[in-house]
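Please find below a colleague's note on the model under review.

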Amino acid sequence: MYILGVSAFYHDSAATLIKNEKIIAAAQEERFSRIKQDESFPKEAIKYCLNEAGITLNEIDFIAFYDKPFIKFERLLETYLNEAPKGFMSFCKSMPIWLKDKLFLKETLSKEFETLYEELNPDFKKEIFKKFRKNIFKKIMFGEHHQSHASSAFYPSPFEESAILTIDGVGEWTTTSLAYGKGNKIEFLEEINFPHSLGLLYSAFTYYIGFKVNSGEYKVMGLAPYGKPIYSKLIKEYLIDIKDDGSFKIDMSYFNFATGFTMTNNKFNKLFGYSPRKRESELTQKDMDLAASIQDVTEEIILKLAKYIKSITGSKNLCLAGGVALNCVANGKLLKKNIFDNIWIQPAAGDSGGSLGGAYAVYYQELNKKRTVSFDYLDKMEGSFLGPKYSKDEIKKCLDNEKAKYKYVEDEEELLEIVSSALASGKIVGWHYDRMEFGPRSLGHRSILGDARSEQMQSIMNMKIKYRESFRPFAPSVLKEKVGEWFDLDIDNPYMLFVSSVKKEKCYNKIEISDELFGIEKLNIPRSTIPAVTHLDMSARVQTVSKEINPRYHKLISKFETKTGCPVIVNTSFNIRGEPIVCTPNDSLKCFMRTEIDILVIDDFILYKELQADSKLISDWKYEFQLD
């Protein structure tokens, strides 16, 4: 049985194809369209899924959409009516879109699939197309937004039973859900509804600090260690009322996100003493303190929710999903509290993962299929390497078309010897290998790599490779069997979803940092033997690399350790600011040519920057990508 899951029309659209329990393919549309967080119908992602399985659209048994538009429309309409006449302009802008495309979504989806069918079958016969049109409408099913999140968290997990916590901005009405999964069933226990939303509260501060909503929240998390949580008390006194069980209510008189075009309003501005920071303007200490404060409040709520769901389920396991589950700093704090014995987080925790959850919800809950939890991997995600890969001939054709100078190295040992030596000598490597990752993290298949021991690496990568803000930290990839020697982490963390501290013995005892320093100036002061990945608070967003899930990457880091004595390298996403993570060999080649990456490795092909001639691929990326 084939079930296609789809998330679309809001942000981060994606498609996932499952064959019975097995995930065949999953990818975000942005990787193909090259539009970051593309919200359009995931046509190219669906094409990829079908191609990976070797099937046609006719062979799909069910199509699962990740939320219910009628309930979402009910929430929007009720909110506007309650707030009237406030929000009238926002109402006028949003209603035509809803009435045209989003409200009657089954019709919209059917038309999209019909267009896709025609594109895939240019010589189709009319009678076959009529049959397809009739069948496709019957195959489309809708699940609720947080049902999709919960399903994406529990069903691929390695647990027979688990508490399930989902937290995001908003789905239909729900913003936070508490559930319990056992076998093939999920029971929803309690929920918090719009407008009371932890995700939207965090996004409001993202907006106020001057970052882009729905993509800049991770910047707030990265900025938080530069500040002190001096506004936490003010936030809890005026903006949000937090109960002991983690439930909360927001005072909406300070916010504009329910019906307006902005996240905050003048009352919010007066509370903190100034207007929202203009994007790309200089960050102040107050911005850093605000980031630290909202991060502090977020962690408090998540810990209280975790304790409460533990008390009502009695489970030793916890599964997490929803956009807030990508807050790896909060996840690290939750892990250290030992509330649960085991925690598993969906690596595509945001809306893209809803496509997976929707498909699984149909299979297990609607069709009542048996669920098994015994797999070759720790979970069903297969390392989250669920995207496209490219053949030797496809890679060679791409490189030849662009007149690139390359070396083909068939022997893996020789290739890894070359690359590990380059990393050890301070070179920066673009690493494109096998299947692309599903979700927002690069996990060693579409990554930019560097030497974690280098005191200059963090600065070089931010300023000359990623072209992004100087305060942004980088993540370490570490051999799974060596993680406990370098970080305060005693679990496998293949998806880079927990922050942990660098081991004290790896940190320097005396570090003098002037309060007048900021950003890269502070980070340039070494804190540990792996300064490129040690953040201001001595923490790191760790990725453990195992030989079972990621064998070539594991071998590369092992060779690097043999040469340097260090089993840790820098791993950041293979893209520049505003660009989606690379997908194709051509994407990787473009990024390589536009940046100061020294070496590009695409599977078994190696390219050196100094050997490349001037190329049409070298263009000003700022005109191509919108800054995030």
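1. Basis of the model. This is a predicted model, in which local features need pLDDT of at least 70 and side-chain atom pairs count only at pLDDT 80 or more, while totals for chains, interfaces and linings use all residues. Residues are numbered from 1 along each chain as its sequence is written, and side-chain values use heavy atoms, with hydrogens and water left out. Helices (H or I, at least four residues) and strands (E, at least two) are DSSP runs numbered from the N terminus.

2. The sheet that contains E1. An open sheet is formed by 5 strands in the order E3-E2-E1-E4-E5, with mixed pairing; two strands are taken to pair if DSSP finds at least two bridges between them. Strand E3 (22-28) and strand E5 (140-142) are the edge strands, each pairing on one side only. From one strand to the next, the twist averages 20 degrees. Strand E1 (residues 2-7) and strand E2 (residues 14-19) run antiparallel and are joined by 6 bridges. Within this pairing, Ile3 stands opposite Ile18 in E2.

3. Helices on that sheet. Helix H2 (residues 43-53) packs on the sheet and touches E1, E2 and E3, its direction making about 150 degrees with that of E3. Helix H5 (residues 105-120) also packs on the sheet, where it touches E1, strand E4 (62-65) and E5; the direction of H5 makes about 140 degrees with that of E5. Axes are lines fitted to C-alpha atoms, for helices over the stretch in contact, and angles run from 0 to 180 degrees between N-to-C directions. Contact means heavy atoms within 4.5 Å.

4. Helices H7 and H14. The axes of helix H7 (residues 145-154) and helix H14 (residues 351-366) come within 7 Å and cross at roughly 85 degrees. The two helices are therefore roughly perpendicular to each other (65 to 115 degrees; under 35 is roughly parallel, over 145 roughly antiparallel and the rest oblique). On the H7 side, the residues that meet H14 are His145, Gln147, Ser148, His149, Ser151 and Ser152. Their counterparts in H14 are Asp351, Gly353, Gly354, Gly357, Gly358, Ala361 and Gln365. By class, the contact has 1 nonpolar, 11 polar and 1 charged residues; here Ala, Val, Leu, Ile, Met, Phe, Trp, Tyr, Cys and Pro count as nonpolar, Asp, Glu, Lys and Arg as charged, and the others, Gly among them, as polar.

5. The sheet that contains E12. Another open sheet of 5 strands has the order E8-E7-E6-E11-E12 and mixed pairing. Its edge strands are strand E8 (185-193) and strand E12 (342-345), each of which pairs on one side only. Strand E11 (residues 317-321) runs parallel to E12, and 4 bridges join them. Cys319 stands opposite Trp344 in E12.

6. Ile345 in strand E12. Ile345 lies in strand E12 and counts as buried because its relative accessibility is 3%. Buried means under 20% relative accessible area, exposed over 50% and partly exposed in between (1.4 Å probe, protein chains only). Not counting residues up to four places away in sequence, Ile345 touches Leu320, Ala325, Asn331, Tyr495, Leu497 and Phe498.

7. Strand E19. All 6 of the 6 residues of strand E19 (residues 568-573) are buried, so the strand is largely enclosed by the rest of the structure. Strand E15 (residues 446-451) pairs with E19 in the antiparallel sense over 5 bridges, and Ile448 stands opposite Thr572 in E19. E16 also runs antiparallel to E19, joined by 4 bridges; there, the bridge partner of Pro476 is Val570.

8. Aromatic rings. The structure holds 27 aromatic pairs. Tyr226 and Phe471 form one that is edge-to-face, at 6.2 Å centre to centre and 80 degrees between the planes. Rings of Phe, Tyr and Trp (its six-membered ring) pair if their centres lie within 6.5 Å; planes under 30 degrees apart count as stacked, over 60 as edge-to-face and the rest as tilted. Tyr226 lies in the loop between helix H9 (217-223) and H10, and Phe471 in the loop between helix H17 (457-466) and strand E16 (475-479), so the pair ties together parts that are 245 residues apart in sequence. Both Tyr226 and Phe471 are buried.

9. Ile235 in helix H10. Ile235 is found in helix H10 (residues 232-239) and, at 0% relative accessibility, counts as buried. Its contacts, not counting residues up to four places away in sequence, are Phe205, Ile240, Phe272, Ser293, Ile294 and Val297. Phe205 and Phe272 are also among the members of one aromatic cluster.
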